[in-house]
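Please read it beside the sequence and the coordinates.

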Amino acid sequence: MPPLSLELDAAVPPPLTDLPAGLEEACATAPRDMAATLAFALARVTAQDRRGVGLALTRAWLNEHGRPYGPGLARFGRDEGVLLVVCRTEVEALWAMEQGLRSGGLSLMLGGIEGADLTQTRRLDFAARDGASAGVLLRTRTGDLSAARRRWRIAAEASGGDPDDVRAPGPMRLMAELTRSRGERPGVWMLEMEDETHRLRLADRLAGHGHGPVGRTARAA
Amino acid sequence: MARSAGPLAPPDPFAQAAGPLALILKTARGAVIHALNPAARAVGLSRGQTQADALAMIPHLDCRPADPEADARALRALAVWAERWSPSVSVDASDGGLEGLFLDVTGAAHLFGGEAALITQIERRLADAGARSRAAIAPTPGAAWALARWGMARRIAADDARDLLAPLPVEALRIDAATMRQARRFGLKTIGDLYPMPRAGLARRFRDVDGAGLVRRLDQALGLTAEALIPVRAPAKYRGWEAYAEPLTDTAGIEARAPGLAESLSRALERDGQGARVLTLTAFRVDGRTSEISVHMGRASREVKVWLRLFRETGFERIDPGFGVDALMLSADVAEPLAAHQVEMGQEAAARQAEGLAALIDRLSARLGEDAVRVASPAGSWLPERAERWRPALASAPVLVEGPATHERARPLMLLDPPEPVEAIAELPDGAPARFTWRRVCRRVARADGPERLSPEWWRPRADGRQVRTRDYYRIEDDQGLRYWLFREGLYGPEYMGGPDERAPSWWMHGMFP
């Protein structure tokens, strides 16, 4: 297989590039895929946007998935810092997320919220556009009706291996499936994290636009 | 300078008890009378008398134990309540700090219709709250103290102090009983008797113990020596208050008054180019208590809208109106200069964003608690779980700056703290695992990187005396493509020889990579 070319990098489809203002949902295929799901959101913040990142997480969420780890977060180049809001309930987290989006002080506000209904997601979407911020709901199951602009399903994928040491894990890979979007075609992409920039690039030409679900996202679908 | 002091009658039991009643304090000399009600005083009992002596005189004397600490707490609460008349209220330290308050009402009396009206109002409010009092206004704390307890006049101007204090007994100078008896022996009965005495002689005979000697007290009363009072709360430089003829009885009433207070406080701050960092809304209740809420801001602000929103999020309902609130005060407890908003083009957006973030932190902290809103900061520890600390965002600088990545090595995005136990099978005792079971699921290792050896600070033994062992960290990818951070605690060989009382090295899950 020929190495990835510059043309391919440039051809990263629009849904995968800079996160626009508004609400998205990213659903981890299994609870263990949450780290990949979080990375998928962080890596898509517009590089020029120097505002901080906020996380509204419930204690239950933190117990299940662990806490965001500063040294790991720092690798995403967020030199404006990360604001962690520890909430008792999802209702509190919803409120905190809405405040974070509307404030205009954050480029990305993430919420570990499973149960957000149509009205609540609509409120979040409005707030996000008010503050010119991106909001991403981190979930582990697909919710019901939602006003989110895009819905993703994320799964960690086996890496291609470290070029210097085949036995070691290489740059992280994930499968991103766009299951619903306003005015965009659904699709599945295999993405790889660039270690230097912590941006996503297409990892494999085979998993591209228009192909049906593949990999673990398909199995869980 | 004008000050007033008011001795406060002890609370409830006295008001109701018809017969003589005394509060008894256990001291080195046995049980003595600590306080009396008027009926007990009328039958000739006095403070400091022993209980046995008093009971011999009045067999039906009602004796109850005294609680000076509770009295001191109650007086302090009353001092805060008295801030409605003055930003600087202190508890009178003489007499065990149980009887009087000093209010610095310099330049404030006109707000209450003059000094006479202020005295009347203070006494009436305290009576409404169930405390009998006597107030006096004088140029010095010492003179006010004397007048409140012994004076016919209740107000004196600076020029009259010497003459008006002259007929008062020497006790009026806040001296202890021993000094008083000594003065009596010398035939010094009134303050006026002291005026012609040579000061050097007085100072020699009455030694100054704890800054409460006769000469110092005289000088303080006459204003020849300054006297520093320590207010119960640091006086707020900026404060606005309103008194209401009809007490407010509910949260809605209090909330409705807040905008007016905020507007006037904001204007006062604006005149000086200041903004508030900490605001407190204090409700003065008719029962002599206060109830208050505070909001903290990451950066100074005088935006009334922002203040009110923060107060609403903190909750006006946290103010307990009791039987009614007859005055509200809004104070800027911490204020700092607020630069005029002249931001260069281009920086304007950045400034607005930073302000948005600061306001966000304020709002989240007000509603969810300061501990709920956190920012990461690196901390120096070899233990990964202690290499960062999530500090309350409010306590940190308003602009969040994270240092550059301090770790050369890969670090997980999510950390399990504390680490979770893992059953692992490794091909070599000190090698990477081949399979492991975590949260009941068995996973096969496809790729592994490591170990990254993290050693304890061996020179710093643990408090509980347990041995701290080395950790070997591995970056693991399982056959499903999931990536983990596992470590083995303890080294085979140097840290585990296989002895019966030794802990075998164990495996732990510490985090997840994306």
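1. Helix α2(A) buries Met34(A), Ala35(A), Ala36(A), Thr37(A), Leu38(A), Ala39(A), Phe40(A), Ala41(A) and Leu42(A). The helix is thus mostly covered, with nine of its nine residues buried. A residue is buried if 20 or more other C-beta atoms lie within 10 Å of its own, exposed if 12 or fewer, and partly exposed in between, the C-beta atoms being placed from the backbone. Helices (H or I, at least four residues) and strands (E, at least two) are DSSP runs, numbered from the N terminus.

2. The model is predicted: local features need pLDDT of at least 70, side-chain atom pairs count only at pLDDT 80 or more, and totals for chains, interfaces and linings use all residues. Residues are numbered from 1 along each chain as its sequence is written, while chains are lettered from A and ligands numbered from 1 in the order in which they are written.

3. The contact between the chains takes 48 residues from chain A and 45 residues from chain B; two residues are in contact if their C-beta atoms, placed from the backbone, lie within 7 Å. On the side of chain A that touches chain B, the elements giving two or more residues include α2 (34-42), α5 and β8 (173-181) of chain A. The largest share of that side, six residues, comes from β4(A). By class, the side of chain A has 24 nonpolar, 13 polar and eleven charged residues. Here Ala, Val, Leu, Ile, Met, Phe, Trp, Tyr, Cys and Pro count as nonpolar, Asp, Glu, Lys and Arg as charged, and the others, Gly among them, as polar.

4. Helices α5 (residues 90-103) and α6 (residues 118-130) of chain A have axes that come within 7 Å and cross at roughly 25 degrees. The axes are lines fitted to C-alpha atoms, for helices over the stretch in contact, with angles from 0 to 180 degrees between N-to-C directions. α5(A) is therefore roughly parallel to α6(A), a term for angles under 35 degrees. Among the residues making the contact are Leu94(A) and Met97(A) of α5(A), and Leu124(A) and Ala127(A) of α6(A). The residues of this contact divide into six nonpolar, one polar and four charged.

5. In chain B, helix α12 (residues 251-271) has 21 residues and reaches 31 Å from its first C-alpha to its last, close to the 30 Å expected at 1.5 Å a residue. The expected span is 1.5 Å times one less than the number of residues. α12(B) bends by about 30 degrees at Ala258(B), and Pro259(B) follows within four residues; the bend is the angle between axes fitted to the seven residues ending there and the seven starting there. Its buried residues include Ile254(B), Leu261(B) and Leu265(B). The buried residues of α12(B) pack against β8 (238-248), β9 (274-285), α13 (304-314) and β11 (325-337) of chain B.

6. A cis peptide bond joins Asp417(B) and Pro418(B), with omega about 5 degrees, and Pro418(B) is in strand β14 (residues 414-426) of chain B. Another cis peptide bond joins Gly450(B) and Pro451(B), with omega about 0 degrees.

7. Which residue has a positive phi of about 60 degrees although it is not a glycine? Arg174(B) does, and Arg174(B) counts as buried because it has 23 C-beta neighbours inside 10 Å.

Note on methods:
Parallel < 35°, antiparallel > 145°, perpendicular 65-115°, else oblique.
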